[in-house]
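Please open the model in a viewer and keep the selection panel at hand.

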Amino acid sequence: MYHPRFYGDFYNMGLKYGSLLLNKANFVLPEISKEKFEFGLQSYAHLQNFYSEVIEEIEGFAEGIKDKPENVGAFLLSLGVFNSAGQCSVFAFRNKESVLFGRNYDMLFEFKKFTESSLIAPQGKFAYICQSDVFIGRSDGINEKGLAIAMSFVNGTRIQPGVSFHFIVRRVLEECESTQQAVELIQEAHVSSANNFLIADRSGDLAVVESCPQKAMVRKPKSDENFISITNQFQLAEMKSFDDGGVEWSKSIERYEGLERQLKGMSSIDLDRAKEVLSDECVCLDLKKQGFGTIWSVVSNLNELRIERAEAKPKVKNYKPDTRLQWWLNKR
């Protein structure tokens, strides 16, 4: 897993990253089909309306790799739409005085070589630590305000040119300090595919936005529960008609039930307990025949901005602290 640090204006963050990839790895954009390119190009216009600043970063990145911004944008905005291979497990838990957040990212093992955990501090925006398996896009993170978000794929019944989850997660981390702000932003987005977004803030406000091109609805913890979780299906009755299923192979229902069963039995939780939850064999995927499983795992205390990450199949003892966010906040 790479650990880049980018800060400053959007264009120069992109230029720095693109130049680094070109000079160190002779990077060129992977080829995609004509169908994906046209879809991504139409989606690029939606991204310009949704988050114009990130267009500047794409332009800088394109300059760095000696390519066109439209080609970079089309590639990024077609990812995770036609093939939602990732299968993930996420939860948030509120104690009396703290909020804990945990996430397993499940993907083909071969994608490990593309993973990165980044410190991002855009000029005029919130700084944050985030994880991803693609440049510029983000899959999960925690920002300086103690707001955390992570997505999971859902096999939806429809796709459309629009904003992909990578950029929804980014904008939430860079602009939102409360769960309610994040929920409103996601609900207003013209999304390209189906996803769950789990959001938590340091006040203990927990929510899931079940989102797809047809609709977006909010799910909250039950009245007698102090946690919420997602895997790879919609849970709300009103959303199930937009869920095409087919995720039995990744044990999505078993993982969801495993999370719920463990969390229901806890009155409080700390980082070590969070690691135990994510390392449990009912939650952590290790499908050797398919070459598929958990390729990173993150736990965090939102009130203390403590972040620990396992950069392989998670075990209670293989998480390491990430102090880059505190370093940045002390530095600036």
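Select Gln-87 together with its contacts (heavy atoms within 4.5 Å). Leaving aside residues up to four places away in sequence, Gln-87 touches Tyr-105, Asp-106, Asn-232, Val-247, Trp-249, Ser-250, Arg-255, Leu-285 and Phe-292. This is a predicted model, in which local features need pLDDT of at least 70 and side-chain atom pairs count only at pLDDT 80 or more, while totals for chains, interfaces and linings use all residues. Residues are numbered from 1 along each chain as its sequence is written, and side-chain values use heavy atoms, with hydrogens and water left out.

Keep Gln-87 selected and display Ser-250: the two side chains are joined by a polar contact of 2.7 Å. A polar contact is a pair of N or O atoms within 3.5 Å; within protein, one must be able to donate a hydrogen and the other to accept it, and residues adjacent in sequence count only if both atoms are side-chain atoms. Gln-87 belongs to strand S2 (residues 87-94); strands are DSSP runs of E with at least two residues, helices runs of H or I with at least four, numbered from the N terminus. Gln-87 counts as buried because its relative accessibility is 2% (buried is under 20% relative accessible area, exposed over 50%, partly exposed in between; 1.4 Å probe, protein chains only).

Next, colour the chain by domain: domain 1 spans 5-78 and domain 2 spans 87-330, with bounds from an automatic or database domain assignment. Their C-alpha centres lie 24 Å apart. At the interface, 26 residues of domain 1 are in contact with 31 residues of domain 2.

Now select Glu-57 and Arg-170, whose side chains meet in a salt bridge (3.0 Å, N to O). The rule, a side-chain nitrogen of Lys or Arg within 4 Å of a carboxyl oxygen of Asp or Glu, finds two salt bridges across the interface of domain 1 and domain 2. Between these domains, ten residue pairs are in polar contact (both at pLDDT 80 or more). On the side of domain 1 that touches domain 2, strand S1 (5-8), helix H1 (10-25), helix H2 (34-50), helix H3 (52-65) and helix H4 (69-78) each give two or more residues. H2 supplies the largest share of that side, six residues.

Finally, select Ile-136, in the loop between strand S5 (128-132) and strand S6 (140-143). Its phi is near 70 degrees, a positive value in a residue other than glycine. Ile-136 is buried, with a relative accessible area of 0%.
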